[in-house]
Amino acid sequence: MENRVICKCKQVSYFDVEDAMHKASSFDDLEKMFHEVQQITHCSTGCGGCHDKIMDAISEIMHH
């Protein structure tokens, strides 16, 4: 997977999301995982326009 910036406001990349997921405590619930990734990376805390892209990336990584 190519590394791309998903959250422009906070400059969070696909690899940053993946790295945050490995630091998260739960790996079973998409919404919980989003909140943990958000706490670690601060993604989707600026304009919020990347929310769906972050969710898609988390879902993709979870199912790999």
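His 63 counts as exposed, because its relative accessibility is 66%, over the 50% cut-off. Keep in mind that this is a predicted model. The protein has three helices and two strands, and buried residues make up 39% of its 64 residues. Here's the rundown by topic.

**Overall build**

- Starting from the N terminus, the elements come in the order β-β-α-α-α.
- The radius of gyration is 10 Å, close to the 11 Å that the globule rule gives for 64 residues, so the protein is as compact as a globular protein of that length.
- Take the contacts with a separation of 6 or more: 47% of them come from residues 24 or more positions apart.

- You'll find His 63 in the segment after helix 3, which covers 51–62.
- Gln 39 is 24 residues away from His 63 along the chain, and the C-alpha atoms of the two are separated by 21 Å.

**Ser 44, in a loop**

- Ser 44 sits in the loop between helix 2 (30–41) and helix 3.
- Is Ser 44 buried or exposed? Ser 44 counts as buried, because its relative accessibility is 13%, under the 20% cut-off.
- Leaving out residues up to four places away in sequence, Ser 44 touches Cys 7, Phe 34, Gln 38, Cys 50 and His 51.

**The aromatic pair**

- Searching the whole structure turns up one aromatic pair. The partners are Tyr 14 and Phe 15, and their pair is edge-to-face.
- A pair of aromatic rings is described by the distance of the centres and the angle of the planes. For Tyr 14 and Phe 15, that's 6.3 Å centre to centre and 65 degrees between the planes. The angle is over 60 degrees, so the pair counts as edge-to-face.
- Tyr 14 has 2% relative accessibility, so Tyr 14 counts as buried.
- Phe 15 has 38% relative accessibility, so Phe 15 counts as partly exposed. That label goes with values between the 20% and 50% cut-offs.

How values were computed. Residues numbered from 1 in each chain as written. Predicted model: local features only at pLDDT ≥ 70, side-chain atom pairs only at ≥ 80, totals over all residues. Heavy atoms only, no water. Phe/Tyr/Trp six-rings, centres within 6.5 Å; stacked < 30°, edge-to-face > 60°. Buried < 20%, exposed > 50% of the residue type's maximum accessible area, 1.4 Å probe, protein only. Helix = DSSP H or I, 4+ residues; strand = E, 2+ residues; numbered from the N terminus. Rg over C-alpha atoms; globule rule 2.2 N^0.38 Å. Contact = heavy atoms within 4.5 Å.
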